[in-house]
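Here is a short report for a reader who is new to this structure. Look over the sequence and the model, then read on.

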Amino acid sequence: MNFTFSPDQLHWQSTARTFAQDVVAPIARAMDENGSMPDSIVEQMAALGLLGGSLSKEFGGSGMDSLSLALIYAELGRACSSVRGFMTVHTSLVMKCIEQWGSSDQKNELLPQLASAKMIGCYALTEPEAGSDAASIKTQAEKTKDGYLLTGEKIWITNANLAGLAIVFAKLPQIEGTKPHTAITAFLVDTKTKGFTRKKMPGKELGHRASDHAHIVLKDCFVPANRVLGGEYHGFKVAMSALDHGRLGVAAGALGVHRACLDACVDFARSRKQFGSRIGDFEMVQAVIADMKTSLEASRYLVYNAAWKKDQGVACTLETSMAKLHATEAAVKAANEAVLLHGGRGYSNEYPVERYLRDIKGLQIYEGTSHIQKIVIARQVIGK
Ligand code: CAA
């Protein structure tokens, strides 16, 4: 394991940093206030090759390694969690899932369109009554002569109002004597299909306000037979393995939020004067910054290690969940401290730290809450 960055890794980090700081950061506050992301952001990410991620070049991807992808997510997350979240769902959850489980026809047809952002992807697992307990989804798949009819509901589906393609998880009839999760099957659904409707989630989210989150209703939505992903009755493994890709992206995004909090606190500690001194001269402020920096480095090595392990082609569920758990929890703590350290200024949107705190709470919850990551980690360590 060697974390001296290669020329390729440095290239992707610097490309993402320039884009994030020059294009995304200046409009991050406006996007948060308007609750949307301009199309030009996606177009520019595609043009720079960022969205191609670690998808192989054969399918139009950028063929980067997992550490390069993590460096990109960290740079985007430092500027705006909504933009980073868009990319993680599209590039890691959706594209990598199709690359891993798709037939060659599915890969040849869909992946180049996704890599170039001609088509946006979303991943539809969560339902009103099935969040952490993913195996309990109720969406049904009824087999017909030439395909399937899907009926059910999905909520909190990131990118779904923009998406041309949805990976939808639904249940075929349960085979007697098997566990509920074994009935789950993954389907590649064209979002223009009759019976597929979507609308914005009701209410205003605490953070990630520029992200698109949708409520999908499926009513006898027809999916052709050749659009099963990974085979009938294999959908739970498809879903979980996709989350192994996505969770690493969330962990890397948390590094970015944490770094942004540290940068903001260091600037403030140097410039803000109280009691006749800059506040960075006070030991309580120094302690906050020391803890923030140390926990950021610990998160960083967990993320890099999980990315390195992924590139060795070996199972990395444990490393990924540890990275997501630690990086998001540490970043929540950092954002909380950052607001406090900024005092009244931190409590207003005059400074960005309140947005970092609102956004990071989302990373602690989606793609598996911290509690779920602890279950995954404990099962890997103790055995089930
Ligand atoms: N890769 C491949 N297979 C896996 C796997 C993985 N990472 N994890 C588990 N499996 C397999 C198991 O080996 C097991 O296989 P068998 O059928 O051969 O026994 C099978 O899946 C069932 O595993 P479990 O018994 O562990 O399943 P469980 O029902 O106890 O659930 C869980 C485990 C970890 C709690 C899981 O339900 C989970 O991760 N829940 C959280 C769901 C989640 O993250 N949802 C977020 C969705 S995305 C989102 O937030 C919004 C968005 O738009 C992106």
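**Domains**

This is a predicted model. The chain is divided into three parts: domain 1 (7–115), domain 2 (121–236) and domain 3 (239–382). The C-alpha centres of domain 2 and domain 3 are 31 Å apart. These two domains touch: 11 residues of domain 2 are in contact with 12 residues of domain 3.

**The ligand**

There are 27 residues around the ligand. Ser132, His181, Lys237, Arg379 and Lys384 come nearest.

| Residue | Part that supplies the N or O atom | Distance to a ligand oxygen atom |
|---|---|---|
| His181 | side chain | 2.6 Å |
| Arg379 | side chain | 2.8 Å |
| Gly368 | backbone | 3.0 Å |

How much of the ligand does the protein cover? On its own, the ligand has 1,100 Å² of accessible area, and the protein covers 75% of that.

Which elements give two or more residues to the shell? They are helix H4 (81–101), strand S3 (147–158), helix H6 (235–271) and helix H11 (370–382). H6 gives the most, with 7 residues.

**Helix H8**

Helix H8 runs over residues 317–341 and has 25 residues. Does its length fall in line with expectation, or out of line? At 1.5 Å a residue, H8 should span 36 Å. Its end C-alpha atoms are 36 Å apart, so the two values agree. An α-helix has 3.6 residues a turn, so residues three or four places apart point the same way. After H8 comes Gly343. The phi of Gly343 is positive, near 60°.

**In brief**

Helix H6 is the top contributor among the elements. The side chains of His181 and Arg379 and the backbone of Gly368 each place an N or O atom by a ligand oxygen.

Terms used
Residues numbered from 1 in each chain as written. Predicted model: local features only at pLDDT ≥ 70, side-chain atom pairs only at ≥ 80, totals over all residues. Heavy atoms only, no water. Near = heavy atom within 4 Å. Polar contact = N/O pair within 3.5 Å; in protein donor to acceptor, adjacent residues only side chain to side chain. Areas by Shrake-Rupley, 256 points an atom, 1.4 Å probe, with all protein chains shown as cover. Helix = DSSP H or I, 4+ residues; strand = E, 2+ residues; numbered from the N terminus. Expected span 1.5 Å × (residues − 1). Domains from an automatic or database assignment. Contact = heavy atoms within 4.5 Å.
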